[in-house]
Amino acid sequence: MAMQKESKSNFYEVLSLGSESVGFDEIKKAFRRMALQYHPDVCPSLAKEESTKRFVELQQAYETLSNPVSRKMYDYEMGLVEERRRRDRFPKKVWEEQLFGLKQRSRIRMERKRS
């Protein structure tokens with residue numbers, strides 16, 4: 001049985017945010033503004049079901065984007081990391097230090113085998 005990938009909403013669009021590079025304060029303001037508009041207690045009874053669904057989606061978007069760890073995971077899953085990847089790369093020095101450490105361990109292992 002093949003599993004279909006669930007189509008995810010873009011939480012930045014759900015909260016009507018213009019950019020993925022917004023801070024916590026902008027996310028909070030957008031959520032509050034949208035929550036006042038779509039809260040089930042505020043909307044007319046004819047639109048209550050749709051409003052409830054929309055409000056739940058708003059809550060999920062806010063909870064995901066307001067938590068730095070879950071936001072990074074979400075951005076990665078949505079493919080939004082590509083544009084940020086250039087900024088966040090490890091410095092060359094870090095990679096060189098790791099490579100040096102690996103070579104050193106490998107050399108030590110090879111010397112032990114010979115002994």
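A: What follows is a walk around helix α3 and its neighbours. The model is a predicted one, and in it helix α3 covers residues 48-66, while helix α2 covers residues 24-38. At 1.5 Å a residue, the 19 residues of α3 should span 27 Å, and the C-alpha atoms at its ends lie 26 Å apart, which agrees with that expectation.

Two packed helices are described by the angle between their axes and the distance between the axes. For α2 and α3, the axes come within 10 Å and cross at roughly 170°; since angles over 145 degrees count as roughly antiparallel, the two helices are therefore roughly antiparallel to each other. On the side of α2, the contact is made by Phe24, Ile27, Lys28, Phe31, Met34, Ala35 and Tyr38, and α3 contributes Ser51, Arg54, Phe55, Leu58, Gln59, Tyr62, Leu65 and Ser66. Sorted by class, this contact holds ten nonpolar, three polar and two charged residues.

The buried residues of α3 are Ser51, Phe55, Leu58, Ala61, Tyr62, Thr64, Leu65 and Ser66, and these buried residues pack against α2 as well as α1 (11-14) and α4 (68-77).

Helix α4, one of those partners, also contains aspartate 75. This aspartate 75 is buried, with a relative accessible area of 1%, and its side chain makes a polar contact, at 2.7 Å, with the side chain of tyrosine 12.

Note on methods
Residues are numbered from 1 along each chain as its sequence is written. This is a predicted model: local features need pLDDT of at least 70, side-chain atom pairs count only at pLDDT 80 or more; totals for chains, interfaces and linings use all residues. Side-chain values use heavy atoms; hydrogens and water are left out. Axes are lines fitted to C-alpha atoms, for helices over the stretch in contact, and angles run from 0 to 180 degrees between N-to-C directions. Helices (H or I, at least four residues) and strands (E, at least two) are DSSP runs, numbered from the N terminus. Angles under 35 degrees count as roughly parallel, over 145 as roughly antiparallel, 65 to 115 as roughly perpendicular and the rest as oblique. Contact means heavy atoms within 4.5 Å. Ala, Val, Leu, Ile, Met, Phe, Trp, Tyr, Cys and Pro count as nonpolar, Asp, Glu, Lys and Arg as charged, and the others, Gly among them, as polar. The expected span of a helix is 1.5 Å times one less than its number of residues. Buried means under 20% relative accessible area, exposed over 50%, partly exposed in between (1.4 Å probe, protein chains only). A polar contact is a pair of N or O atoms within 3.5 Å; within protein, one must be able to donate a hydrogen and the other to accept it, and residues adjacent in sequence count only if both atoms are side-chain atoms.
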